[in-house]
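Subject: Structure handover

Hello,

Here is the structure I promised to pass on to you. Please have a look at it first, and then read my notes below.

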Amino acid sequence: MEEERDWLQMPDEIMGGMILQRLNAIQILESVQKVCRNWRRICKDPAMWRVIDFDIYTYISYQKNDFYYYSCILFPKNDFDYYSYMSYTMNYLEKLCKQAVDRSCGELIDIRLKGYGNDDLIDHISRCSSKLNCLRLTACDDITPWGLSNALKRLPHLETLELYEFHIPKEEDIELIGRNCPLLKFFEMEPMCVGGDVYARAIAKSMPALRHLKLFGLKDDDNGVQAILNGCPHLESLDLRGCLYLDLDENLEKLCRERIKDFKYTPSNIQESNEDSDTD
């Protein structure tokens, strides 16, 4: 008969580095650290918080069976409404995220926020994490372009920036990102509206060190792509598959394939034909 393993006696380097770090920050703070004293000690180690994955959708899914608690315990029955519930939840999540950042003791190098974030939170992250190398933001509606630019001034080592479902209204906002992050090598952006070639020109002017670029929403003008080729001479990967309205000139497409090792692009007419075949 096989001897049962005692998980609580597992070495710290295995429990912390190989197992617990596979969970996101909310799961660790809400559940894992409460299992026993040993796990709580491991969860307080700054090495556990060099990479933080903070996904609000995980929390909402985890708490969906506790809606009764929020509606009947936290708020008087007659006064409860959805907005009160969400306000409480967001304030609580902000405190959790700041707690995770603080536990890194300045050693944070990679953080992903998904579904929640505001200017105060991104400011706190930048003030406590000067070594940050990678920042990924998805659907963080309350982080403004000003708040992001202001935070990036304090992140001189940032090399990777991903912005998905993010509202960036002006060309100047993109240029500020480039100027504040001179070491930026990987940039991915999916704005909440189709930005066209103003985004491409801003990237070309302000991000000369880029190695990887992934864009969504470029329109059917070749000028933006040409500007990127001219302004980002070190580019090794360019992904334009999310630019549904982009039709490159044949010569420009050929030039991209010759100069860029990993060039991904699907002409809009092919995308439309694929959509039509899916509906048949």
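Let me start with Phe 166, which sits in strand β4 (residues 160–166); helices (H or I, at least four residues) and strands (E, at least two) are DSSP runs, numbered from the N terminus. Phe 166 is buried, with a relative accessible area of 1%. Here buried means under 20% relative accessible area, exposed over 50% and partly exposed in between, using a 1.4 Å probe and protein chains only. Between the C-alpha atoms of Phe 166 and Pro 145, which are 21 residues apart along the chain, the separation is 8.9 Å.

Before you go further, please note that this is a predicted model, in which local features need pLDDT of at least 70 and side-chain atom pairs count only at pLDDT 80 or more, while totals for chains, interfaces and linings use all residues. Residues are numbered from 1 along each chain as its sequence is written, and side-chain values use heavy atoms, with hydrogens and water left out.

As for the overall picture, the protein chain has 13 helices and 8 strands. Of its 280 residues, 47% count as buried. Taking contacts (heavy atoms within 4.5 Å) between residues at least 6 apart in sequence, 69% join residues at least 24 apart.

Finally, a helix pair: the axes of α11 (residues 223–231) and α12 (residues 250–259) come within 11 Å and cross at roughly 30 degrees. Axes are lines fitted to C-alpha atoms, for helices over the stretch in contact, and angles run from 0 to 180 degrees between N-to-C directions. Val 225, Gln 226 and Leu 229 in α11 meet Leu 252, Leu 255, Cys 256 and Arg 259 in α12.

Best wishes
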